[in-house]
Amino acid sequence: MSHPPRPIPSSTYRLQLRGDGFTFADARRIVDYLDDLGVSHAYLSPILEATDGSTHGYDVIDPTSVSAPLGGREGFEALVAELHSRGMGVIVDIVPNHVGVDDPRQNAWWWDVLSKGTASEYASYFDIDWSSDNGADGKIALPVLGSADDTAALRIDRSGDTPLLAYYEHRFPIAAGTIPDAASTIPDGVDSIPDGVDTDDAEAVHAAQAYRLVDWKSGLVGYRRFFSVNGLAGLRQEDFDVFTASHVQVASWITDELVDGLRVDHPDGLADPAGYLTELRELIGPDRWLVIEKILARGEPLDPALPVHGTTGYDALADLGGVFVDPSGAEALTELSRSRGGAPGDAQWLHAAERDLKTAVAEGDLAPEVRRLARAVVRESGSDAPFESITAAIVAVVARMPYYRSDYGPLAGTVGRVVGDVGAAESALVDALDAVTAALIADGESAVRFEQVCGAVTAKGVEDCLFYRAARLISLQEVGGDPAEFGISPAQFHLANAERAARWPAAMTTLSTHDTKRGEDVRARIGVLSQTPELWSRCISDWEEVAPGPDGATGLFLWQNLFGVWPADGVVSAELRERVHAYAEKAMREAGTRTGWTDVDESFEASVHSWLDSVMTGSVADSVTMLVARLDPHGRSDALGQKLLHLLGPGVPDVYQGTELWEDSLVDPDNRRFVDYDVRRQHLSAPSSTVMDSSGSAKFAVVRESLHLRRERPDSFVGGTYAPVYAQGTAAAHLVGFARGPVAGSADVIALATRYSLGLATQGWGSTTLTLPAGRWRDRLTDNEYHGEVAVDALLSASPVAVLVRDITVSDTSGERDA
């Protein structure tokens, strides 16, 4: 018996579940609120058993069970039942690429591999380097020691039922037969203790294990990691047995009809993303919603052959924010960046810096992965080119790769072009490039590892470093964005939207996630600086004269963040002060110019923290407050505009937890703070408001009306039509909008937003008009009705945005043209 297709969500609401304060039970208590807000599906962060104390869930330790701290399987089912009782659904975030191994005792699969080596039934589950030339004599290199001679600090911990190898707070298994009071059987891949060795000689016991503890600075890592995170070990999902074992719990959600779709975390880290997604689609069925965290470079198409509904929306985020950035501010902000930060931050500088940083990452943090790839190239190419040259060729090619990975259909030919560019620029590498080419053509291990390394190098070099160094306009420095692209035109915006509506109508779209560098409202306010770069430059000059920053680039970067989160009333609370300091520490270390995670310059960091304290009080703080008071209304205007265009645009919009009100989040973990839903509930009983005060009522009204509208008229959105709407008159460029409808020629929803409102504050809309399609149109935010030609000044007198809905109960006899 066939079943009707499962409906695509009309919207999702991302919930960051945490065992320390927001569990399944807590989520159940806000289901009625989400329903009243207009949400169709709750979208849950990872819910499988994670590392003790995890606040995000991406460090899964047991993929076969639901997290006990969150409430276990019973709690999950209760949440699903509550959602189903209201006709709502559930989307769950899954993490196929890696598992948490920071504390081996918590991960049974990893513990078994460390205990038994290649004899473990889980040895093939992990992407472990067992080769004899891996630098650890064929053992699993675990980078935990403080120095090479720190094995002297090893001890035997006999406090429990089973002796363990101890290194300070770390504990590791001792294989059977390698210590007298353990079982006598010695599994394959594990050496025996030589006769006569003291049984409490921890160094000798360590030498007999399937793993080797090494200096964390040695560059030895015996397994594929998530980027350069030692505590996250990669899984071999290309092995169907591994796929099956790691998706047991997920499969049961499908069988038991608990979930309506999945979000897949970081598929680009897998050996074969397309193959994995094909298996996953087979598992979940043909119509469950499936979106992937695929980071597309600007202009990169998503492979239409993938069995997914689309990405998680960073490509849309760049468009939604970019249309509110004024390109005319680029020159002045470029000069400010050059004069104050020492670098222009323009396209030429950014692209050169990207290549340099990707090179540094490939030669540094990700050197173990690059060397493992180089060894595979040597084996598969048969080349006698020097190993160092092959490594250098790999680094050079990876540093020039424009995408996370190039083995998707639409990107065919990319590697060849890049190899050609490298060969032309570095003739000394020609022989090594031949070896790399031969190995890639062989389509074996080298080809797989090459693509995995490309993605990791891009993420670490660009998103986790360059985006903390560039300081021209930091609102552009977002995952999936290109800060060299200083704003986009309405034409570009509309074309991108139209393509999304036609090709990926059910893709997720977003403005904020757990991974964004700054929250949506913070980015919107910072983006206003593009409209008044001269004023911003004068303010920086004045502030730096009173309180000079300890480093030009760091200061310019942090000034923008301070402006983005500064309270409109000027009251910097102790909580905000603490959050700013925490953010500054992370930003400085990620940038890596004056300090870093592994080489902390305490003196420099102290000077930055002292400087931050000095500018958050006194005359500078008063001046920042004055600037914020002047520009905040325009930041709110842009925030409302991008929110409306997001919620009513093509795709399935996700509302990140709490962003239905104004929010000032920075990067994680700041954006995973607990949300006050009691405050938000109060807005449900209040009438819709267009007043852009600090309460957030205007933003709440935009979110609630938009989500309800999507739920009421689903055919006008996912699968619906898209057409740009243009005003006429002197200020027409300040309006951006579009019409949606179920079929061409029958638009029934129009979204309108104000651009570059700072200029409008002096010149106004003037005689600018908008000609509406036939019929009578009601603004869901003000309840005002319009038809025919309307003065934009009147249309947007109460709010910088409008949500116009055609009244389908009224016959269209007015004769105006349709959209």
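Guide: Aspartate 783 sits in the loop that lies between β23 (777-779) and β24 (785-786). Keep in mind, as we go, that this is a predicted model. The phi angle of aspartate 783 is near 70°, which is a positive value in a residue other than glycine. Most residues other than glycine have a negative phi, and most peptide bonds are trans. That gives us something to look for elsewhere in the chain.

Let us follow the positive phi angles to another loop. Phenylalanine 227 is not a glycine either, yet its phi is positive, at about 50°. You can find phenylalanine 227 in the loop between β12 (225-226) and β13 (229-234). Is phenylalanine 227 buried or exposed? Phenylalanine 227 counts as buried, because its relative accessibility is 13% and the cut-off for buried is under 20%.

Another positive phi belongs to tyrosine 168, where the angle is near 50°. This residue is in the hairpin formed by β9 and β10, with 2 residues between the strands. Now look at the strands themselves. Strand β9 (residues 164-167) and β10 run antiparallel, and 4 bridges join them. Within this pairing, alanine 166 stands opposite arginine 171 in β10, while leucine 164 has proline 173 of β10 as its bridge partner.

Inside the order, strand β1 (residues 12-15) pairs with strand β2 (residues 41-44) in the parallel sense over 4 bridges. As an example, threonine 12 stands opposite histidine 41 in β2.

The bond from aspartate 668 to proline 669 is cis, with omega near 5°. Proline 669 lies in the loop between β18 (652-656) and α24 (677-684).

Next come two helices. Two packed helices are described by the angle between their axes and the distance between the axes. Helix α23 (residues 618-648) and helix α25 (residues 697-712) pack at an angle of about 10°, and their axes are 9 Å apart. That makes α23 roughly parallel to α25, because angles under 35 degrees count as roughly parallel. On the α23 side, the contact has Leu640, Lys643, Leu644, Leu647 and Leu648. On the α25 side, the residues they meet include Ala698, Val702, Val703, Leu707 and Arg710. The residues of this contact of α23 with α25 divide into 9 nonpolar, 1 polar and 3 charged.

Pick out valine 703, which is in helix α25. Valine 703 is buried, with a relative accessible area of 0%. Setting aside residues up to four places away in sequence, valine 703 touches Leu37, Lys643, Leu647, Val655 and Glu660. Valine 703 and valine 655 are 48 residues apart along the chain, and their C-alpha atoms are separated by 8.5 Å.

How many disulfides does the count come to? The count is 0 disulfides. Take cysteine 454: the closest cysteine sulfur to its own is in cysteine 465, 18 Å away, which is too far for a bond, because a disulfide needs the sulfur atoms within 2.5 Å. Cysteine 454 is buried, with a relative accessible area of 1%. Cysteine 539 also counts as buried, at 10% relative accessibility.

How values were computed
Residues are numbered from 1 along each chain as its sequence is written. This is a predicted model: local features need pLDDT of at least 70, side-chain atom pairs count only at pLDDT 80 or more; totals for chains, interfaces and linings use all residues. Side-chain values use heavy atoms; hydrogens and water are left out. Axes are lines fitted to C-alpha atoms, for helices over the stretch in contact, and angles run from 0 to 180 degrees between N-to-C directions. Angles under 35 degrees count as roughly parallel, over 145 as roughly antiparallel, 65 to 115 as roughly perpendicular and the rest as oblique. Contact means heavy atoms within 4.5 Å. Ala, Val, Leu, Ile, Met, Phe, Trp, Tyr, Cys and Pro count as nonpolar, Asp, Glu, Lys and Arg as charged, and the others, Gly among them, as polar. Two strands pair if DSSP finds at least two bridges between them. Buried means under 20% relative accessible area, exposed over 50%, partly exposed in between (1.4 Å probe, protein chains only).
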